[in-house]
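User: Could you take a close look at one interface in this model for me? I'd like to know how the two sides are built and what holds contacts across them.

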Amino acid sequence: MQPTEKKKRTILVVGGGVAGMSAAFDLADSGHRVHLVESGHDLGGQVAKLDKFYPTDHCAFCPLWTEIRRCKEHSCISVHTNSRVETLEKSNGSYRAVITKSTPVIDPDLCIYCGRCESACPKGVARPIWEHAYPPVYLIDGDRCGDCRTCADVCPTKAIGFDREELQAEVAVDEVIWSAGFTEVSLAPLKEYGWGTHPDILTSLEFESWKAESGENKGAILRRSNKAIPRSIAFIQCAGARDLRLLPQCSAVCCMHALKQAQWVKRRNPDIHCVILYTDLRTVGRDYYEYALRDFGGNGVRLVRGRPSLIYPLPGGDGIAVKFEDTATQKREIWKFDMVVLNGNLKPTLSSLPGDNARPELDAEGFVNRTATSCGFVMEPADVTESAIQASSAALRSILADKS
Amino acid sequence: MSVDRGNVKILVFACRWCGLIGADGAGRKRIELPASYRVIPVDCAGYVEPDAVIRAFASGATGVAVLGCHVGGCRFNDANHPALKRLELLKTLLDTTGIGGNRLLLGFGTAHESHQYADMILEFHRAMESMPSMASWLPQGQ
Amino acid sequence: MSKISLFLCNCFGEIGRVIDLEFIRKKFEADPDVDSVTIVDSLCMPDDAAKAQVLTRERRIGKVLIGACSPYGKMEFVRLGLAKEGAAVRAVDLREGCAWIHGKDPEGATRKAANQIDMELALLQNRKDSKDLTLRVQQEVLVIGAGPAGLSAACGLARLGFRTHLVDRGSAPGGLLNVVKKVYPTDEPGPGKIKNLVDETGENPLIRFYGKTKISSVKGYAGDFKVKLTGPEGNTALRVGAVVLATGARILFPQGLYGYGKIKNVITQMEIERRFATGALNCKTAVFIQCVGARNAERPYCSTICCPLSLKNAMRVMDENPGARAYVLHRDIMTPGSVLEAYYRKAMQRGVQFIRFDAERPPEVRGQEQVSGVEVFDSISGVSRVIDSDLLVLSTPFVADPESAAIARMFEIPVDKYGFYEEVYPIHPVETRNDGIFICGTSRWPVSSDQAIAQGEAAAIKAASFLGKETVSALAMSRVPGGKLGHAAADAAACTGCGNCVAVCPYKACRLQRTGNRSVSRVIKVRCKACGNCVAVCPNGAMQMPEQNYRVTGEMIRRAFREVR
């Protein structure tokens, strides 16, 4: 094996979440050039938008904010937000990638966050980006925009442009690292979960932003249907996952995620009765089992082993029924809850990208086939720590990959 | 003997992370707060020494706030741990000397969201409005 | 004393409509510390930003103060841009922190703006620059432990061109994988899995392997660690830029549990591995019990590998003994992810039987001299049953290697309550509080060999990027955006050697040094992260941070509520 791989390479990292940023930074810190492509408005991915993080129970954006800034400030990293990799062609051991950027209506480079567009908009479609984006900018919700263009007139920096064309940049890269993370998959096909039939049946990510400290309810735990305080919340594990009809995989992060959400509900309102309905309580990871142990005493969250067969809104509108077998007692139960949170419906992003996106070979479950270099959820369902490790590992492999 | 309502002076030592992010958020949302406080940003609440707090009182501050990250969430590992302990001790000292421990507000990880910061500052301002004047403590001519 | 140039941003009126900028301008133009005051409409926009940069460059302004929006917004980029022109640049938040939050009180906001600007001027006039240290990073690396993690790290580093010293207390590389005949989920042989890596340690001229060697002493800090090794050939002194700890873990012996040690054919996973290695394992019914000595009060953690390990061995028992049965008695099957969940499905389809028990009611072993069966309360069906079996395999967890604690002490990194090395939470899993020391593999936390290999690669690239810099400024060694504020420094004449700073520093950056008949505090610049605790606990102000020294803080406090006219 020939040592001394000292020539600097150019690597394309697709996806700017925890995994992508870790890989990008490791590469740049070693002197290699990186094109970091992110489809969203800013780096940070899914984790930056979480209310809290396990197992530290602190905010998620703060540690990520450091990474985001380091990536933006590093001279070896070109950050392409609002962008996608449209085509990727391999030739003679390297790649030509076409990165297409769709600058949003409000150009983030020119937006000074003054908010005049928001005041001027008659339909209220100009709104600030999520709370912990730095620097903050305004966004226009294209679907609801009435095209009156009043905002463009009041913007002091002429940041608003409605007829933008996509910009394309062609770059030559030596390797590609796929780090596009996960997205939610709709639970509508699995009718027994009742998702979509009642505002108080929501997915865990919907619940996360609903209960967020920085969100519209300022951290208060309220029902989505009438903003009243719920008396009880059920967290249903493996919703859509470990299910051959939809997602055969175990999504790995949901057991801890439910424990975190339930514990935070109890912290903010100890009177709310929380139950987690699980199959296997997967707490593999540093200090995770201890985190779960806080609930085993029966004083906190109640852990019940059973997979529901039916979740439905009760007639009369008050509450949601969850029908399941409690495997500890072998009894069939129907319990009433004010809210139901469904955990598990996460799939690797690359498996459902629209046609104008390059993608690598995927296996039957939608994960990146091992012929391509990848890290994070697109490779294998993984939490933040695992994703960061895989990202650094992917960075090393991309530098050392045989070019012949 | 209470402070002139319009003359509350609060000095805030805030760390650049959890300490000031809430302030930034509150500003972004145009939440209205009284202009009675001044901010000294620090890299870590661990930097704030009791001497500086006392100096602030000696310079005419009605109240002093120290804002840092949650214990366990400090960017410098556990640097805010000793800071919190030392400042809690200072509170006791302020009580013992009659200055009043409630003139020192400690917010470690409790003001990182905009509404938390706003509520905290407003409440502190109101509390300071009804505190007795510090005149008897200050050097002549102040 | 050089003067300061003040740039005030109107932010298209966002600041100007609340704060009386003309008043501020007049006030500070008269200030003896101020050279000039310029009001622009938008400091972050290309025209005005360029104007400010040109002014700074041409007039060789050494000190700049910006009054603009918040440091979490665009202002930070403006500040960095101006700092590139060689000036010391500070900024005051006049928008989010003043105009916007006191929008209904223009008089109060203007007074506050004046005070805050005044305070920053005091900082700029009284601040000093910390002494920096340029570190020449030793271009060699030490990897301790030659299991899958250490091998992976060493080979990664060597392939990147760094001379790597690979140390192991055993005689050959490989670690625990040497005794594993088949690794899950691919069933490849253990030694085969790492064969390339092991071969490389012999073939790559950049790797030197030291067998039967231990660490006797460690001195130094990131970039320059002086490590002494003791081995069969005597002592070796190394000077390395970084160290990777991959010292592994031990598997718990289930002494006293389930009749282990008393009843025959009650064995551990390592022992069944050995039986597979020596030939076909003959048994009719194998029972695997999970979580033996794990996820209990003594060891409240999951050891990651035991569930997939039992799936592998259960299937192997059935494959090698046609007609044999295998049972896995468990509390939860830990197979997260896509690959492992598929492996679980494979085991189910193969016919492995799964019985769930509760922690409060563990299975009981039957048999006097030899195991004859296992009684288990199946908590799913609520029925107790006895499984006749002739082999009982106990899944026990990884426990910290007894030598880990000593190694951690030598390298000055913390260990958690189980004895595993602590990392920097949450997104720097292979880095430690002591820069230059990296951790990977089971000595960090129980993981599979695949994960250990990935962690080794992660440690390799991180160590390599540090070494690759060749020289590093101590001020740049910071995880904080914008870099370190500075370095704490103790005035040797004033220091009384009390040791408060030594006790409080989270990075062990303060040391007491004897000079003559006294002790004086000395700060190791490479380790100092400028948190300020040492300054705060110093009883007489001998310890200071030059960039924010006592004069700065004192003046800022004095000016905070000065009357504004």
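Analyst: Happy to! Let's take the interface of chain B and chain C, where 19 residue pairs are in polar contact, both residues of each pair being at pLDDT 80 or more. Please keep in mind that this is a predicted model.

On the chain B side, the elements that each give two or more residues are strand 1 (10-15), helix 1 (18-28), strand 2 (37-42), helix 2 (50-58) and helix 3 (80-96). Helix 1 of chain B gives the most to this side, with seven residues. Sorted by class, the side of chain B that touches chain C holds 27 nonpolar, five polar and 13 charged residues.

As for charge pairing, the rule finds two salt bridges across the interface of chain B and chain C. A salt bridge joins the side chains of B:Asp78 and C:Arg433, with an N to O distance of 3.5 Å.

Now for the extent of the interface: 45 residues of chain B are in contact with 44 residues of chain C. Together, chain B and chain C bury about 3,600 Å², and carbon and sulfur atoms account for 58% of that area. Three residues stand out here: B:Glu32, B:Arg38 and B:Tyr47 supply 21% of the area that chain B buries against chain C, more than any other three residues.

For context, the contact of chain A with chain C takes 73 residues from chain A and 75 residues from chain C. The area buried there is about 6,200 Å², of which carbon and sulfur atoms give 58%, and the rule finds 13 salt bridges across that interface.

Key: Residues are numbered from 1 along each chain as its sequence is written. Chains are lettered from A and ligands numbered from 1 in the order in which they are written. This is a predicted model: local features need pLDDT of at least 70, side-chain atom pairs count only at pLDDT 80 or more; totals for chains, interfaces and linings use all residues. Side-chain values use heavy atoms; hydrogens and water are left out. Contact means heavy atoms within 4.5 Å. Buried area is the accessible area (1.4 Å probe) that two parts lose on being put together, summed over both. A salt bridge is a side-chain nitrogen of Lys or Arg within 4 Å of a carboxyl oxygen of Asp or Glu. A polar contact is a pair of N or O atoms within 3.5 Å; within protein, one must be able to donate a hydrogen and the other to accept it, and residues adjacent in sequence count only if both atoms are side-chain atoms. Helices (H or I, at least four residues) and strands (E, at least two) are DSSP runs, numbered from the N terminus. Ala, Val, Leu, Ile, Met, Phe, Trp, Tyr, Cys and Pro count as nonpolar, Asp, Glu, Lys and Arg as charged, and the others, Gly among them, as polar.
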